[in-house]
Amino acid sequence: MIRDLWYKNAIIYSMSLDSFLDSDGDGVGDFHGAMRRLDYLQGLGVTAVWLAPFQPSPKRDHGYDIADYYGVDPRYGTLGDFVEFTRACHQRGIRVMMDLVVNHTSDEHPWFQTAIADPKSPYRDFYIWADEKPKDAHKGVIFPGVQESTWTFSKKAKSWYFHRFFHFQPDLNIANPAVQQEILKIVGFWLELGVSGFRIDAVPFLIAREGINVEDPEPAYGFLRELRAFAQWRRGDAVLLAEANIPVQEAQHYFGDSGDRLHMIFNFPVNQALFYALATADSRPLRKALEASHVNLQTAQWANFLRNHDELDIGALPDDQKAAVFEAFGPEPDMQLYGRGIRRRLAPMLSGDGRRLRLAVSLMMTLPGTPVLRYGDEIGMGDDLSQPERDAARTPMQWSNEKNAGFSAGDELQRPVIEGGPFGYCDVNVAKQRAEEDSLLNWTERTIRLRKEVPEVGWGDYVVFETDPQIVAMRYDWHESATVFVHNLSDTRRELMLDVRAKDEPQRTMVCFQTDVASEPDEKGLHRLVLDPYGYYWFRLGGLDTLATHRPKGA
């Protein structure tokens with residue numbers, strides 16, 4: 001059972017294949033290039049890699065407009081290259097997860113081309129149609145200012161088709177049993193080739209009742225149950241991770257009352273509250289979101305992240321909190337996207353301040369759930385706001401100060417590397433940071449190693465302590481082990497007295513992971529902690545007989 005729940009204490013690395021390493025000089029990263037850096041990922045401590053879409057696609061939406069679910073885009077390699085990549089990962093103890101994009105297809109997919117060419121084709125019902133444009137066609141657009149409608153007229157089909165996203169991404173009709181069977185077939189195909197799990201794109205839209213034309217007042221949660229049952233029948237430890245930007249109160253429907261639907265969900269509410277906390281040093285909304293995130297199912301798990309392949313979505317924050325995050329991290333119009341997001345990397349948002357970067361990563365690593373690290377954040381990569389929309393944060397990985405940051409020997413890149421400024425590749429790259437003992441890269445490697453030594457965070461229950469707003473303090477318990485994590489969000493030195501005991505628990509010494517020095521409680525059972533600006537502590541709770549000779553000086 002523990003093996004099947006490998007994701008509970010995993011370290012997931014989010015990789016965009018086209019931006020990682022180019023092996024053939026065509027300016028696009030590929031599987032052969034990624035294989036050359038698997039030892040780097042193993043050394044970093046990564047236990048699973050999540051691949052962005054790599055199937056054949058017109059690339060009008062970064063590969064999320066898939067034209068063939070059973071192939072590999074020639075720019076990345078072949079199916080054989082993919083199998084070789086997965087086997088190389090497994091040899092290093094790294095699992096492979098991939099995007100499952102089945103809410104929609106590309107309009108160049110053979111299914112859609114057949115559907116518009118022949119109204120009697122069985123593929124016609126693979127999509128959602130209307131004879132007349134619905135009156136609410138302007139509602140529910142995902143990309144305001146770029147997308148005007150969720151319905152588009154096909155001259156060839158002489159009918160309107162539904163699309164939650166761009167007009168070149170027609171939605172699949174999940175209500176059609178043939179579509180559901182095709183999705184299961186896709187899942188089975190990639191599991192057979194060595195995949196350990198899927199990050200399922202746009203899950204709320206995938207199962208939305210208006211998109212699948214069902215009479216049931218609830219979304220099609222039953223399909224998630226069928227998807228999980230099939231995946232685990234084909235591979236017992238397969239994992240389904242949902243991209244579902246939903247209130248945490250709805251998560252139980254996605255996990256299932258008996259844990260029979262999705263295994264994992266990205267915790268977007270905590271992510272948004274975390275960035276508000278980083279922007280304002282006010283932890284109260286974050287603590288509230290964490291309190292609401294308690295899940296009682298053994299198989300359920302949150303996935304936590306700082307940045308991902310999309311914009312930082314803060315659309316669910318109250319207006320005043322949203323304004324504060326925009327002001328701190330995306331004050332200029334060209335830094336913002338769709339009125340709800342910030343299209344920047346983590347390091348520029350935090351002004352390249354090493355203290356704040358370490359604080360943010362430490363927080364992410366110690367939130368309840370599994371951490372997901374975006375490629376390049378381990379070295380503090382920057383962004384390129386001259387690139388359109390989300391491309392700003394998808395620049396090539398910076399390996400060295402060689403040509404094109406060591407990413408490619410080619411002369412023309414799909415996206416340019418960052419050359420100048422504080423985040424240029426001559427100053428920010430893997431080779432340089434590997435040689436610097438106190439670099440962000442080496443610190444991240446050490447922190448990942450520590451995180452893997454505290455399974456309480458992935459497996460245990462937790463409590464959030466009441467503290468000053470500038471402080472986040474939590475305790476985790478699992479079996480006989482307990483850990484405490486304390487973070488100072490502010491730019492000033494903070495002192496606090498903290499009672500970390502559970503109910504009716506005797507006084508316990510705390511030993512700091514980073515310094516190996518101990519904190520002993522006073523006669524009232526309180527620990528006196530002094531945190532530097534943006535400082536943090538990771539503590540293991542010891543027994544009463546643990547000797548303490550020093551108080552922690554800093555992490």
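Guide: Start with a cut-off: angles under 35 degrees count as roughly parallel. Bear in mind that this is a predicted model.

Visitor: Why are H5 and H8 called roughly parallel to each other?
Guide: Helix H5 (residues 177–192) and helix H8 (residues 221–234) pack at an angle of about 30 degrees. That is under 35 degrees, so H5 and H8 count as roughly parallel. Their axes are 10 Å apart, and H5 passes H8 in a right-handed crossing. By class, 8 nonpolar, 3 polar and 3 charged residues make up this contact of H5 with H8.

Visitor: How do you know whether His487 is buried or exposed?
Guide: Buried means under 20% relative accessible area. His487 has 1%, so it is buried. You'll find His487 in strand E17 (residues 481–488), and its side chain has a polar contact of 2.7 Å with that of Ser362.

Visitor: What makes that pair, His487 and Ser362, a polar contact?
Guide: The limit for an N or O pair is within 3.5 Å, and here the value is 2.7 Å.

Visitor: What does His479 count as, buried or exposed?
Guide: Exposed needs over 50%. His479 has 68% relative accessibility, so it counts as exposed. His479 sits in the loop between strand E16 (471–478) and E17.

Visitor: What is there to say about the phi of His479?
Guide: The phi of His479 is positive, about 55 degrees, although His479 is not a glycine. Most residues other than glycine have a negative phi.

Conventions
Residues are numbered from 1 along each chain as its sequence is written. This is a predicted model: local features need pLDDT of at least 70, side-chain atom pairs count only at pLDDT 80 or more; totals for chains, interfaces and linings use all residues. Side-chain values use heavy atoms; hydrogens and water are left out. Helices (H or I, at least four residues) and strands (E, at least two) are DSSP runs, numbered from the N terminus. Buried means under 20% relative accessible area, exposed over 50%, partly exposed in between (1.4 Å probe, protein chains only). A polar contact is a pair of N or O atoms within 3.5 Å; within protein, one must be able to donate a hydrogen and the other to accept it, and residues adjacent in sequence count only if both atoms are side-chain atoms. Axes are lines fitted to C-alpha atoms, for helices over the stretch in contact, and angles run from 0 to 180 degrees between N-to-C directions. Angles under 35 degrees count as roughly parallel, over 145 as roughly antiparallel, 65 to 115 as roughly perpendicular and the rest as oblique. A crossing is left-handed if the near helix is turned anticlockwise from the far one by less than a right angle, and right-handed if clockwise. Ala, Val, Leu, Ile, Met, Phe, Trp, Tyr, Cys and Pro count as nonpolar, Asp, Glu, Lys and Arg as charged, and the others, Gly among them, as polar.
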